[in-house]
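This report goes through the salt bridges, the helix packing and the surface of one protein model. The structure is shown first, and the description follows.

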Amino acid sequence: WQFMPDTARRYGLVVDDFVDERLDPVKSTEAAVRYLRDLYTDFNEDVFLTAAAYNRGENGLQRDLSRQGVSTFWDAQLNSETSRYIFRLIAMKQVWENRHTYVDGDVLGAGYIAPDTKTVRA
């Protein structure tokens with residue numbers, strides 16, 4: 001997950017000179033889910049604006065929308081990085097939903113091993 005240090009800290013992750021919990025797959029995923037849920041609420045349950053805010057930052061996106069006097073992703077003129085990010089997400093969704101059109105056989109491959117988590121006592 002991509003998290004700026006301040007956003008990571010806001011969502012309960014430790015980011016300092018010794019620990020960076022943004023690299024912890026479980027903690028960072030849980031924080032990302034909370035962040036995305038908040039963005040979804042803040043941007044009126046619009047999935048495109050939610051994704052754009054995740055990529056651009058909620059304050060930057062809000063400034064862009066206000067400055068342009070628009071309220072939807074489709075009306076906004078966003079920077080190319082954010083626009084590409086959204087269209088890549090849309091493309092990934094389309095490929096996944098139609099994966100059997102694009103990929104022959106098992107999408108995950110014969111050698112795929114499902115992830116598992118283990119608790120290790122330090």
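The structure holds 7 salt bridges, a salt bridge being a side-chain nitrogen of Lys or Arg within 4 Å of a carboxyl oxygen of Asp or Glu. This is a predicted model, in which local features need pLDDT of at least 70 and side-chain atom pairs count only at pLDDT 80 or more, while totals for chains, interfaces and linings use all residues. Residues are numbered from 1 along each chain as its sequence is written, and side-chain values use heavy atoms, with hydrogens and water left out.

**Overall make-up**

The protein has 6 helices and 0 strands. Helices (H or I, at least four residues) and strands (E, at least two) are DSSP runs, numbered from the N terminus. Along the sequence the pattern reads α-α-α-α-α-α. Of the 122 residues, 26% count as buried. Here buried means under 20% relative accessible area, exposed means over 50%, and partly exposed lies in between (1.4 Å probe, protein chains only).

**Salt bridges**

| Asp 6 | Arg 9 | 3.1 Å |

Asp 6 and Arg 9 both belong to helix H1 and are 3 residues apart, about one turn of the helix. Asp 6 counts as exposed because its relative accessibility is 59%, whereas Arg 9 is partly exposed at 40%.

Arg 10, with a relative accessible area of 48%, is partly exposed.

A network of salt bridges links Arg 56, Asp 64 and Arg 67.

**Helix packing**

Two packed helices are described by the angle between their axes and the distance between the axes. Axes are lines fitted to C-alpha atoms, for helices over the stretch in contact, and angles run from 0 to 180 degrees between N-to-C directions. Angles under 35 degrees count as roughly parallel, over 145 as roughly antiparallel, 65 to 115 as roughly perpendicular and the rest as oblique. A crossing is left-handed if the near helix is turned anticlockwise from the far one by less than a right angle, and right-handed if clockwise.

How do the axes of H2 and H3 cross? They come within 9 Å, and the crossing angle is roughly 125°; H2 and H3 are therefore oblique to each other. The crossing of H2 and H3 is right-handed. For reference, H3 covers residues 47-56.

The axes of H3 and H5 come within 9 Å and cross at roughly 130°, which makes H3 oblique to H5. The crossing of H3 and H5 is right-handed.

Leu 36 is in helix H2 and is partly exposed, with a relative accessible area of 26%. Its C-alpha atom is separated by 8.0 Å from that of Ala 51, 15 residues apart along the chain. Val 33 is in helix H2 as well and is partly exposed, at a relative accessible area of 42%. The C-alpha atoms of Val 33 and Tyr 11, 22 residues apart along the chain, are separated by 9.8 Å.

**Nonpolar surface**

Val 14, Phe 18 and Val 19 make a nonpolar surface patch of about 310 Å². Patches are made of residues with over 30% relative accessible area and no salt bridge: like charges are joined within 9 Å, and nonpolar side chains (Val, Leu, Ile, Met, Phe, Trp, Tyr) within 5 Å. Accessible areas come from the Shrake-Rupley method with a 1.4 Å probe, and for residues only the protein chains shown count as cover.

Phe 18 is located in the loop between helix H1 (5-10) and helix H2 (25-42). With 78% relative accessibility, Phe 18 counts as exposed.
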